[in-house]
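Good morning, and thank you for joining.

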Amino acid sequence: MAIRQLSETLINQIAAGEVIERPASAAKELIENALDAGATRIEIATAGGGKALLRVSDNGSGMDAADLELAVRRHCTSKLSDTLDNIRTLGFRGEALPSIGSVARLSIASRRRDSAGGHEIAVNAGKIAHLRPAAANPGTIVEVRDLFFATPARLKFLKTEKAEAGAITEIVKRMAIAFPAVRFVLSGSDRTTLEFPATGDDHLARMAQVLGKDFRDNAIALDAVREEISLTGFAGVPTFNRGNSAHQYAFVNGRPVQDKLILSAIRGAYAETIPSGRHPVVVLSITLDPALVDVNVHPAKSDVRFRDPGLVRGLIVGAVREALARDGSRAATTGASDMLRAFRPGFQSYAQRPQTAWSAETSPSRPYQPASGLGERPQASFDGLSMPTARAEPQFSPQPAAADTIARYPLGAARAQIHANYIVAQTEDGLVIVDQHAAHERLVFEAMRKALHSKRLASQVLLIPEIVDIPEEDCDRLMQHAGELSELGLAIERFGPGAIAVRETPAMLGEVDAHGLIRQLADEIAEWDTASGLSAKLEYVAATMACHGSVRSGRRLRPEEMNALLREMEVTPGSGQCNHGRPTYIELKLSDIERLFGRS
């Protein structure tokens, strides 16, 4: 078969298959053109999920007749010089408009501010109509109708109108976050009108418009620089999380991207602070020399390639972790809202309420159920103790007055223990409810993690070694990592073909359910064991051990123990959530309590 030159229309349709995957792709390209034109107001209208109609209107610089004729031709652009090393605009390929015009009915009306009138040009399935004068306001209006009518096979791959409309909404949200000084309006017969008024330089206000007002109250500012790369934005506290990663936004030199390196760095930064299956809410903006990043990786321009990916990843992980250590221990403000909602159904009749009694044995906050009960003595002797007071203080400081104690400490003073599992503390302007097991688990883990980087953890020798019967293959796995476990203070030996002898346990854990701990470690090692061993996962092992050695649900605490726990939480990084990412405490402001009683 002889080689022949493809027609211009077919070339554009092939390009459209890469650039314009769905209506949202077309919307993204048109919005980028409007932003590159300096628009401060962009209006998007859709019908049929963008398949029947997609109209983007802006008040940008506009185009004259000569520009319009070139704009619909392939590889014609005003945004690129002779090199790809200095790309400072969102668009630069010169493919979007001719690609759209090759598969749809495209019309563009535009007028420059200094022109007396405007012009309009149309492209129908790749056929360019003659340019004609048109009445137009300064700026540009691009209208796309019947997308993919010229390539019917592509229509079969599109989703429902609702799904396609939702994808366009997501594109507009990302653009709105990146450009807070621009007013965005999204409307149409297939949706409820969505408007984002301009917020100027107040990026957090724009994020609150898009992500909800709760994000403003639960966001930690980021501002870090490493070599020639700067990182700004906001990271949500770990307890303010979502069920998917759709609320993670990343921008490189103002360009919205969905880069795997950045998303991986976010996961790494929040490791051990977010529950499995949950995702943080993050907005990251990376600024660097355009020569240090390649945006010409994919036609959709959603992926980028950094010259030094390790530097970028390290910057993100380090900045987010530093922010979480500085201010990430606080509980999400949504916890109080959830609590208020939980109270309101409580006013129903008793007959309508669940009749199952609460018990420490069945509570979901009790992740492990050791048969030995950690060897704790019965605590019935606590029954006669008086109620906790605000005078329980650390041993190294004098006892101030009760009111002074409450004012000085963010988590306040312990007032009661509820159902032998939750500590109720009074703060200066409300109250705090603490999950004692989750809180102590985090404290123990942080102590173990800190000790890991300095020396071998202190251990306590068991008077009688604990013998744990497990399958032989599990014994083999554990013994392969006996040296690494010893660094954590856990000394084990082989005891026959199918048993492990535990001779030493970490001293900071106190009494440990050795049987439960060994079995869990064996299961985890079997799941993610690699040739590199446990050296890269010692912190994960420490988290497991911390959970087995923490204050249990169902244990009665003395007043001084409760207050000591609160004081240690206040000075421990990450104490706002346990090792599994669950919140350790919920704060309820006095104003919230007053709303429950109709006093505000």
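This is a predicted model: local features need pLDDT of at least 70, side-chain atom pairs count only at pLDDT 80 or more; totals for chains, interfaces and linings use all residues.

Residues are numbered from 1 along each chain as its sequence is written, and side-chain values use heavy atoms, with hydrogens and water left out.

Consider strand β13, residues 248-252; strands are DSSP runs of E with at least two residues, numbered from the N terminus. Of its 5 residues, 5 are buried, meaning under 20% relative accessible area with a 1.4 Å probe and protein chains only. In a regular strand, side chains alternate between the two faces of the sheet. Here Gln248, Ala250 and Val252 point one way, while Tyr249 and Phe251 point the other way.

Which strands pair with β13? Pairing requires at least two DSSP bridges between two strands. Strand β16, residues 282-287, pairs with β13 in the parallel sense over 5 bridges, and Tyr249 stands opposite Val283 there. Strand β14, residues 255-257, runs antiparallel to β13 and is joined to it by 3 bridges, with Val252 opposite Arg255. The hairpin of β13 and β14 has 2 residues between the strands, and Asn253 takes a positive phi near 50°.

Finally, Asp289 lies in the loop between β16 and β17 (293-294). Asp289 is partly exposed, at 36% relative accessible area, where partly exposed denotes the range between buried, under 20%, and exposed, over 50%.

How values were computed: Helices (H or I, at least four residues) and strands (E, at least two) are DSSP runs, numbered from the N terminus.
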